[in-house]
Amino acid sequence: MVTSAVDVRNVWKRYGDTDVVIDLSFDVQPGEVLGFLGPNGSGKTTTMRMILDIVRPARGEIEVFGGRPGVEHQDRVGYLPEDRGLYRDVKIIDTLTYFGALRGLSQSQARERAMALLTKMGLADAAEKKAAELSRGMHQKAQLIATILNDPQLLIVDEPFQGLDPVNADMLKGVVRDQRDRGAAVIMSTHDMGDAQTLCDRILLIDKGKRLLYGTVDRVRDAFSDGAVQVSGPDIPTSADGLDSVTDVHQVDGAVRYLIRDGASPQDLFRELASSGAHIEQFAVEAPSLDEVFIRTVDGDPRAEAVR
């Protein structure tokens, strides 16, 4: 039997008179990416800090690698916080070597691994630069190198791609996939539902400290599968104006995606489009995107109960 990398059971956390995490349970397995989703202030960062033993829960239990969270696991855990921070006036290679040594590597091992990762991420020429001299993208890649330098078995990353250009974002997404593929458990907090949909094996959506959705990406999307239709062809309307069956419209890869209103059906939309004079070349009922699922769930869609 494989031991969960993280097991959170019925955890509560309160600050003052406010419960910020409420009866939260989930697990993270080796070799998977768990997308940790939710609005700002939903309790995600507090939960990650409890897993890291930075703060303690008021009630409930958390296990990391089958035992209590704590410093004894620091060599097996990597954490990339949303608020980045490298020593501004120290050379990047020296900073990375120092962090590697803190996590159990010898000085020579840490320096060798740091240089290999800097080279892989296109930062070899920046190794002797100070952090203050790096661009935002370079700084973020160097910070991620510091996080994965010791091949952690549990990787916790908070908004890892925020503010990056597409090239650097794709590079760091590849790093996250590589960590999962080598068997690490990854918890990834993100506001980008597209990233969650393409990178994550399972998702956990919380709001106001409570679990709203939990399961594989496919299972969660399938639970809402009657809510979206993708249409392509000339003269297809790109707004909901005049379409009584639709609540939201956006363009995706040359097609138009419609979110069907509760009580309406895809057939209602087809009739409305046909009567508008639109030339329909493709009309497909599809599982909604995680963006659509997120909106519906936070708005109280009862279908969330099936994957809570």
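**Hairpin**

I began with I203, which stands opposite G215 in β9. I counted two strands as paired if DSSP finds at least two bridges between them. Strands here are DSSP E runs of at least two residues, helices are H or I runs of at least four, and both are numbered from the N terminus. Strand β8 (residues 202-207) and strand β9 (residues 210-216) pair in the antiparallel sense over six bridges. They form a hairpin with two residues between them. K208 in the turn has a positive phi of about 55 degrees.

**Ground rules**

I noted that this is a predicted model, where local features need pLDDT of at least 70, side-chain atom pairs count only at pLDDT 80 or more, and totals for chains, interfaces and linings use all residues. Residues are numbered from 1 along each chain as its sequence is written, and side-chain values use heavy atoms, with hydrogens and water left out.

**Whole chain**

I looked up the totals next. The secondary structure comes to nine helices and 13 strands. The C-alpha trace spans about 70 × 45 × 40 Å along its principal axes. Of the 308 residues, 49% count as buried. Buried is under 20% relative accessible area, exposed is over 50%, and partly exposed lies in between, with a 1.4 Å probe and protein chains only. Contact means heavy atoms within 4.5 Å. Among contacts between residues at least 6 apart in sequence, 68% join residues at least 24 apart.

**Open sheet**

I then traced the sheet. Four strands form an open sheet in the order β11-β12-β10-β13, with antiparallel pairing. Its edge strands are β11 (246-252) and β13 (282-286), each pairing on one side only. The twist averages 20 degrees from one strand to the next. Five bridges join β10 (residues 228-232) to β13. Within these strands, Q230 stands opposite A284 in β13.

Helix α8 (residues 266-275) packs on the sheet and touches β10, β11, β12 (255-260) and β13. The direction of α8 makes about 160 degrees with that of β13. Helix α9 (residues 290-298) lies across β10, β11 and β12, running at about 20 degrees to β12. For these angles, axes are lines fitted to C-alpha atoms, for helices over the stretch in contact, and angles run from 0 to 180 degrees between N-to-C directions.

**S245**

S245 lies between β10 and β11. Is S245 buried or exposed? At 3% relative accessibility, S245 counts as buried. Leaving aside neighbours within four places in sequence, S245 is in contact with L259, I260, R261, A264, D268, L269 and E272.

**Helix α2**

I finished on α2 (residues 92-102). Its buried residues are I92, I93, T95, L96, T97, F99 and G100. What covers them includes α3 (107-120) and α4 (136-148). G104 follows α2 and has a positive phi, near 100 degrees.

How do α2 and α3 cross? Their axes come within 8 Å and cross at roughly 130 degrees. That makes α2 oblique to α3; angles under 35 degrees count as roughly parallel, over 145 as roughly antiparallel, 65 to 115 as roughly perpendicular and the rest as oblique. On the α2 side, the contact is made by I92, I93, D94, L96, T97, G100 and A101. On the α3 side, I listed Q107, A110, R111, A114, M115 and L118. The contact residues divide into eight nonpolar, three polar and two charged. Ala, Val, Leu, Ile, Met, Phe, Trp, Tyr, Cys and Pro count as nonpolar, Asp, Glu, Lys and Arg as charged, and the others, Gly among them, as polar.
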